[in-house]
Amino acid sequence: MSYKAGPHFLQIPGPSNIPGRVLRAIERPTMDHRGPSFQDLAVEVLEKIRPIFKTSQPVVIFPSSGTGAWEAALVNTLSPGDKVLMYETGQFSNLWIELASRLGLEPEICEGDWRGGAIAEVIEERLLADKTKQIKAVCIVHNETSTGALSNVKAVRNAIDNAKHPALFLVDTISGLGSADYKHDEWGVDVTITGSQKGLMLPPGLGFNAVSEKAVAASKSAKLSRSYWDWASQLANNPTGNFPYTPATNLLYGLLEACDMLMEEGLENVFARHERHAEATRRAVRSWGFQIQCSEPKEYSPVLTGVIMPTGHDADALRSVILEKYNMSLGAGLGKIKGKVFRIGHLGDFNDLMLMGTLSGVEMGLTSAGVPHDKGGAQAALDFLAGN
Ligand SMILES: *Cc1c(COP(=O)(O)O)cnc(C)c1O
């Protein structure tokens, strides 16, 4: 492999680009994770992560991928054979459903068409029909990364309340937190699940569960087997800056820096920046003459945009031309939309000129790959960014 000048454009919707400040924070000698300096840092990071979830309740941090945090949420709150209502929004919701089945839970699936978020009315109907309260948890994905659709978490909370149903509310915001507004406390979520490598701008390797009092109470009688994922030993150790086993020490230095950066910019400004880049991207996509995978404008994701290829053209062929010629990685279509869709990530440590580089790379790639399209997508995004 010969040297390719200039930065690689990593425009997949996670892992996202890691800012220099975070890289430098991680690049430190590893500390004794049972010593006083590390304990001070751990106490600080466990405190500073809470406002990112908009919660005053505990946040448990595992050395894991997002998938581990999914598993932790389920095994701490549920028992073998429990029924869980899970909403199909795309490939990620489906992987979580599969994980729940493997653990011995019984998912009841609200089927979806992969073109939007979870529909609160559908959940309310299912809960109203559950007269004997067999459903123990409702599970949704906040930002469905395979399609680019955002679910209305508050509306689903209201649906659970309207049905007067006691089920726990579990939400995956692995690709949403730190990019799209999220309110763990105000939205009455029992377990919020996230990972480090998307909106939090870190490398992969940290999994998070923000937990409500109701979730902690449920964990006392939940009977699924757990050891590594057990909240109780984390929650007992965390107040003194300790962990039950070796934490991902250096990633926690990076997390502290990332929390500071999000707060310096201001969370609301971070969310507005993502919305603006998403809007500019959609204008480019429409100008090219393509459809957006999310068909519901109220549910457009601020994190990524899923683009439907014209029929007869393969998204993965386009992606490999763009990687080869312009040194940019775009997200593939996943699961049943493989080859039909590609995804443009516009999340994390990202600005106007990076977005213009990205959209220019897509537009040049369409020409290089011989995909018919209308010119002027990048120009439409430029006009929007310059005027807003
Ligand atoms: C990335 C992602 C996951 C999986 O996380 P891993 O870190 O790959 O295990 C799950 N759900 C959503 C919505 C994601 O974006």
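Visitor: How do the residues of the lining of the second largest pocket divide into nonpolar, polar and charged?
Guide: The lining of the second largest pocket divides into six nonpolar, seven polar and two charged residues, where Ala, Val, Leu, Ile, Met, Phe, Trp, Tyr, Cys and Pro count as nonpolar, Asp, Glu, Lys and Arg as charged, and the others, Gly among them, as polar. This is a predicted model, in which local features need pLDDT of at least 70, side-chain atom pairs count only at pLDDT 80 or more, and totals for chains, interfaces and linings use all residues. Residues are numbered from 1 along each chain as its sequence is written, and side-chain values use heavy atoms, with hydrogens and water left out.

Visitor: Which residues lie nearest the centre of that second largest pocket?
Guide: Among its 15 lining residues, Thr67, Trp70, Phe92, Ile174 and Lys198 lie nearest the centre. A pocket here is an open set of points on a 1 Å grid over the protein atoms alone, with protein on both sides within 12 Å along at least five of seven lines, and lining residues have an atom within 4 Å of a point.

Visitor: And where does the ligand sit?
Guide: The ligand sits in the second largest pocket, meaning that more than half of its atoms lie within 2 Å of the pocket's grid points. Of the 13 residues around the ligand, Gly66, Thr67, Thr145, Asp172 and Lys198 come nearest, a residue being near if one of its heavy atoms lies within 4 Å.

Visitor: How much of the ligand's accessible area does the protein cover?
Guide: The protein covers 87% of the 380 Å² that the ligand has on its own, with areas from the Shrake-Rupley method and a 1.4 Å probe.

Visitor: Switching topic, what is the volume of the largest cavity?
Guide: The largest cavity has a volume of about 50 Å³, a cavity being a set of grid points where a 1.4 Å probe fits but cannot get out, and a volume the space filled by probe spheres set on the points.

Visitor: What lines the largest cavity?
Guide: Its lining includes Ile61, Phe62, Pro63, Leu206 and Gln234, and divides into nine nonpolar, one polar and no charged residues.
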